[in-house]
Amino acid sequence: MNAMLKELPAAFPSPFPSPSAVLTGLHLDYGRQAVLNSLDWQLLPGQVVGLLGRNGAGKTTLLETLLGLREPQAGTVSLFGQPVAQIDDATRARIGYVPQQSDLFDSFTATQLLAYFKSFYPRWNEAKVEGLMSRWDIARDRPIAKLSGGEQQRLSIIRALAHEPDLLVLDEPVASLDPAGRRDFLRELVDQVLDRGTTVVFSTHILSDLERVAFNVAFMRQGQIALQAPLDELLDEVRAVSGPSSAVQALLRGAGLTALSRNPLDDGFERCLVRSATPLSTAGGLQVQPVNLEDLFMALTQ
Amino acid sequence: MCTTVLVHIGNQVNVDTFFSINTGSTEPIYRQLVEQVRRRIAGGQLSAGQELPSVRELAQELAVHPMTISKAYSLLEAEGLLERRRGLAMRVAAEHSRAQSAASRVELLRPSLERAAAEARQLELPARQAVTLFKQILDEGNTE
């Protein structure tokens, strides 16, 4: 098998694409509290993954660990097949990052900042930079400290897109953008995927944005990726089943399913989220209802 | 949140049609698109030979992942509503040259109305009142 793959020309897309990022057995705690707890995760080329979790669930810690900005107490991270701690410059140039807190140099102007970063990268899409700077109307010659939060965030996004990364990591990239700015940003992400097959992972609390562009969603719970799946499949397959607890549990046992979440209600009733590729029976006074992304978020990040 | 985008379809037909994405819905986006195309073909607004926007155009226009658009188009192709031509835009299949009968079109409303009926029963609304409201909503749409 390996010999066969070796004979394929380099440009021939492999039927088993090697992951852009592989995270294995990550553990990280701040004192008593484990933020990452034997976390395993993989990102495949061309995937757009929305990372969901409650405040304080460790999304930022996870993204920083993925990028090698934070060292886990146990576990390994590799990006494009290299251990993140020993990554070479060529591989580093394939990564783009938009942090939650703007880390731009306050005293630089946008023009100076972009010229500075340009010098680090072998590839730099000047036309894209110019296009976005104009379209997003960013003041080029004022100190970055004087720009609004939204402008700084847009500039940070431009900086991350300029060198055409193969892996783009965005931590709450749209928090200070208005709806029009967010839509424009989502279009940019779609372009990246269409043109380059970029792997994108981003965290956000704005579920409507995520729903559009994230083909896959990953839910973070108790220091792990509790579930990652295509959102379409989850909406097609996950159902909220509610009714008397005994009847709900009997249905699950009968169908050989385990609940994604269980919520006790009054009077011995409960509401469970279950994933089933086949329709569930509503016998025994059970209610079976479809769910939306918000229901999934509430249930899977608890 | 509901957004509607005007999409220009093909050069020859010069038809503007609506694709709308309803986020926060229990219906995945690919199915929303499938249903919209299905309804427009059934209603005769889209008919045989008319071209649909490419996956790229529609993904960019709607700011939706391209795989979601491909999935919708593939399902419509599998159902025989659209046909794929190598290197060319998807188009409405030849057998859909005119609108379906009103009798078969109204059946496409059934799932939505069944949902509405279930909700009306939960609200303990008399049937007459629910029907009056539906008629009122239909009439509002006509005067716009």
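Helices (at least four residues) and strands (at least two) are DSSP runs, numbered from the N terminus. Keep that in mind while touring this predicted model.

**Stop 1: chain B as a whole**

Select chain B. Along the sequence, its elements follow the pattern β-β-α-α-α-β-β-α-α-α. That pattern holds 6 helices and 4 strands. Chain B has 144 residues, and 23% of them are buried. Now look at its contacts between residues at least 6 apart in sequence. Of these, 56% join residues at least 24 apart.

**Stop 2: helix H2 of chain B**

Select residues 55-62 of chain B, which form helix H2. Which residues of this helix are buried? They are B:Leu58, B:Ala59 and B:Leu62. Turn the view to look down the axis of H2(B). The buried residues fall within an arc of 100 degrees, so they line one face of the helix. Step just past the end of H2(B) to B:Ala63. Its phi is positive, at about 55 degrees.

**Stop 3: where the chains meet**

Show both chains. The contact involves 21 residues of chain A and 19 residues of chain B. On the chain A side, select helix H7 (179-196), helix H8 (207-213) and helix H9 (231-237). Each of these three supplies at least two residues to the side that touches chain B. Which helix gives the largest share of that side? H7(A) does, with 7 residues. Color this side of chain A by class. You will find 11 nonpolar, 2 polar and 8 charged residues.

**Stop 4: chain A as a whole**

Chain A contains 11 helices and 14 strands. Its C-alpha trace spans about 70 × 55 × 40 Å along the principal axes. Of its 302 residues, 35% count as buried. Among its contacts between residues at least 6 apart in sequence, 70% join residues at least 24 apart.

**Stop 5: two domains**

Color chain A by domain. Domain 1 covers 17-222 and domain 2 covers 233-300. How many Å separate the centres of the two domains? Taken over C-alpha atoms, the separation is 35 Å. The contact between them takes 5 residues from domain 1 and 4 residues from domain 2. On the domain 1 side, select H8 and strand E9 (216-221) of chain A. These are the elements that give two or more residues to the side touching domain 2. By class, that side of domain 1 has 3 nonpolar, no polar and 2 charged residues.

**Stop 6: an open sheet in chain A**

Find the strands E12, E13, E11 and E14 of chain A. In the order E12-E13-E11-E14, these 4 strands form an open sheet with antiparallel pairing. Which strands lie at the edges? They are E12 (259-264) and E14 (287-290) of chain A, each pairing on one side only. Neighbouring strands of the sheet are turned by 20 degrees against each other on average, direction ignored.

Zoom in on E11 (residues 238-244) and E13 (residues 269-275) of chain A. These antiparallel strands are joined by 7 bridges. Pick A:Ser242, then look across to E13(A). Its bridge partner there is A:Arg271.

**Stop 7: helices on the sheet**

Finish with helix H11 (residues 293-300) of chain A. H11 also packs on the sheet, touching E11, E12 and E13 of chain A. Its direction makes about 80 degrees with that of E12(A).

Note on methods:
Residues are numbered from 1 along each chain as its sequence is written. Chains are lettered from A and ligands numbered from 1 in the order in which they are written. This is a predicted model: local features need pLDDT of at least 70, side-chain atom pairs count only at pLDDT 80 or more; totals for chains, interfaces and linings use all residues. Two strands pair if DSSP finds at least two bridges between them. Axes are lines fitted to C-alpha atoms, for helices over the stretch in contact, and angles run from 0 to 180 degrees between N-to-C directions. Two residues are in contact if their C-beta atoms, placed from the backbone, lie within 7 Å. A residue is buried if 20 or more other C-beta atoms lie within 10 Å of its own, exposed if 12 or fewer, and partly exposed in between; C-beta atoms are placed from the backbone. The arc is that of the directions from the helix axis to the C-beta atoms. Ala, Val, Leu, Ile, Met, Phe, Trp, Tyr, Cys and Pro count as nonpolar, Asp, Glu, Lys and Arg as charged, and the others, Gly among them, as polar. Domain bounds come from an automatic or database domain assignment.
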